[in-house]
Amino acid sequence: MNIIIPMAGRGTRLRPHTLTVPKPLMPIAGKPIVRRLVEDIAKVCDDQLDKIAFIIDRDFGPQVEEDLIKISEAAGAEGIICYQDDKFGTAHAVLCAKELLEGNVIVAFADTLFKADFKLDTSQDGIIWVQQVEDPSAFGVVKLDDDRVITDFIEKPQTFVSDLAIIGIYFFKSGETLHSELQYLVDNKIHDAKGEYQLTVALENMKKKGTKFVPGQVTEWLDCGNKDATVFTNMRYLEYLKDHDHNLISESFKQKNCVIIPPVYIGDNVEIENSVIGPYTSIGANTIIKSSIVKNSIIQTNTKINNANFKNSILGNFVTFEGKSDDFSIGDYNSFQ
């Protein structure tokens, strides 16, 4: 089983954090979003993961590439870095990893996480991960027949046709067939008004030629598109990990006169004094917190917090903070006192 993960750009809606770290490497409960995504996919797959391709901007840099290779290795797979130098849409992004389009393939866009209680049925031609939503007009949706086979892909329907939204994760039994359809779009310049080649067009062409797509319905779909969504996803992940008996607090954590309200994630060499932490808070390695109250927030590594009171916030790496707020987002290497 090969996995292709288009990572698009850095993520403008999650600035200022994505000015220094691409969005898929932002931490959720102590691990990068893209690592959580790979782990979630592995849980629904019985097959061994062979290769994982990450489609990235060339300017992400060698450290990001090294981190992505380590994520692949942790999943028991070979990591491959591919570059999308020109942004020509989702179909073009997947085609940047065309050497992996053979046999069983999963395509997963790196700005979404999910929870599911199904196992991947690799006997199917194709599976499209979906989630039931209240307002389907904001999403691409699928329509099913009585046998639960996908009959239509509809982009942002203004009248109700289905409430099953496509979350951006797909299984293909034949990577070769997908490759052929993606290449056909590019070779024949079949793009939208923006000049972008869309994966859904390739899916529609495959369906018309006999490929049967079925839904893989997830129990929860978690977005990491902006600050509030990322904080909420961190909260839901902490709840999930707590319920499944994961150890979320490092043995090297040092505390003095503290109240820790679970679920929380606390990384290596964190020091906390005279503070109340949690619930739903993740704290990165080497962070020091004194005389503070922090809940429902993400604090990254090497940050110093003193005499603070805040919630629903994200602090970057190497931040110094003192003060009170209910809602803020501070990027790396900043000081607020």
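Reader: Which residue of β19 does V264 stand opposite?

Author: In this predicted model, V264 stands opposite T281 in β19.

Reader: What makes β16 and strand β19 count as a pair?

Author: Two strands pair if at least two bridges are found between them, and β16 and strand β19 (residues 281–283) have 3 bridges, in the parallel sense, so by that cut-off they are paired.

Reader: Why is one side of β16 and of β28 left without a neighbour in the sheet?

Author: The open sheet has 5 strands in the order β16-β19-β22-β25-β28, with parallel pairing. β16 (264–266) and β28 (329–330) stand at its edges and each has a single partner strand, so one side of each has no neighbour in the sheet.

Reader: Which helix packs on the sheet, and what does it touch?

Author: Helix α6 (residues 227–243) packs there, touching β16, β19, β22 (298–299), β25 (314–315) and β28, and its direction makes about 95° with that of β19.

Reader: What makes up the contact of α4 with α5, by class?

Author: The contact is made by T177, L178, E181, L182 and L185 of α4, together with L199, V201, A202, N205 and M206 of α5. By class, these are 7 nonpolar, 2 polar and 1 charged residues.

How values were computed: Residues numbered from 1 in each chain as written. Predicted model: local features only at pLDDT ≥ 70, side-chain atom pairs only at ≥ 80, totals over all residues. Heavy atoms only, no water. Contact = heavy atoms within 4.5 Å. Helix = DSSP H or I, 4+ residues; strand = E, 2+ residues; numbered from the N terminus. Nonpolar A, V, L, I, M, F, W, Y, C, P; charged D, E, K, R; others polar. Axes fitted to C-alpha atoms, helices over the stretch in contact; angles between N-to-C directions.
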